[in-house]
Amino acid sequence: MCEKFMEIAIDQAILNIKNGGGPFGAVIVKEGEIIACCGNRVTQDNDPTAHAEVLAIREATRILGRWDLSDCEIYSSCEPCPMCLGAIYWAHIPVIYYGANREDAKNAGFDDSFIYEEIAKDNANRKTKMHNISRNIALKSFDNWIAFPDKELY
């Protein structure tokens with residue numbers, strides 16, 4: 001069954017190329033049923049976050065009417081990049097199946113190794129400069145969150 005869903009993700013990636021997108025596809029499955037199937041739309045939408053996995057998560061949460069996908073699996077034609085991996089963790093998806101790996105993606109021109117390297121660095125040593133400002137004011141939002149009785153933790 002897993003191979004069937006992976007084939008669908010890979011077919012989506014190939015179809016996506018024909019439609020002007022990148023070579024990536026993702027499928028989210030719940031109890032053996034496909035909930036969402038998406039291709040990468042970065043260039044079509046001019047959106048650097050429009051990766052197949054992120055779009056599939058958005059579609060699955062819309063269809064299911066909830067943000068928690070802990071009863072789902074994701075099939076990706078390629079090992080998820082750091083952004084997609086983060087989105088998968090935030091969606092609480094417990095299982096990831098992937099086809100090509102990050103080295104295969106690098107060989108095709110999609111090298112995300114610099115992001116993994118940057119994340120491992122201290123903020124002061126990153127290529128993109130980070131400045132911590134207005135922290136005391138920003139902490140007010142967390143104080144409000146902590147005090148809010150009807151919050152939904154995620």
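Predicted model: local features only at pLDDT ≥ 70, side-chain atom pairs only at ≥ 80, totals over all residues.
Phenylalanine 24 has a relative accessible area of 13%, so it counts as buried, the cut-off being under 20%.

How are the two rings arranged? Phenylalanine 24 and phenylalanine 110 form an edge-to-face aromatic pair, with 4.9 Å from centre to centre and 85° between the planes. This pair links distant parts of the chain, 86 residues apart: phenylalanine 24 is in the loop between α1 and β1, and phenylalanine 110 is in the loop between α5 and α6.

Next, select tryptophan 67 and tyrosine 154. Their rings also pair edge-to-face, at 6.0 Å centre to centre and 70° between the planes. Tryptophan 67 is in the loop between α3 and β3, while tyrosine 154 lies in the segment after α7, 87 residues apart. Tryptophan 67 is partly exposed at 28%, and tyrosine 154 is exposed at 61%.

For another group of rings, pick Phe5, Tyr75 and Tyr97, which ring pairs link into a cluster. The model has 5 aromatic pairs by this count.

Now colour helix α3, residues 52-64. Its 13 residues reach 18 Å from the first C-alpha to the last, close to the 18 Å expected. Its buried residues include Val54, Leu55 and Ile57. What covers the buried residues of α3? Show β1, β2, β3 and α4, which are among the elements covering them. Just after α3, stop at glycine 65, which has a positive phi of about 70°.

Finish with two charges over rings. The charged end of arginine 102 sits 4.1 Å from the ring centre of tyrosine 116, over that ring. The charged end of lysine 151 sits over the ring of tryptophan 145, 5.9 Å from its centre.

Technical notes: Residues numbered from 1 in each chain as written. Heavy atoms only, no water. Helix = DSSP H or I, 4+ residues; strand = E, 2+ residues; numbered from the N terminus. Expected span 1.5 Å × (residues − 1). Buried < 20%, exposed > 50% of the residue type's maximum accessible area, 1.4 Å probe, protein only. Contact = heavy atoms within 4.5 Å. Phe/Tyr/Trp six-rings, centres within 6.5 Å; stacked < 30°, edge-to-face > 60°. Lys NZ or Arg CZ within 6 Å of the ring centre and 35° of its normal.
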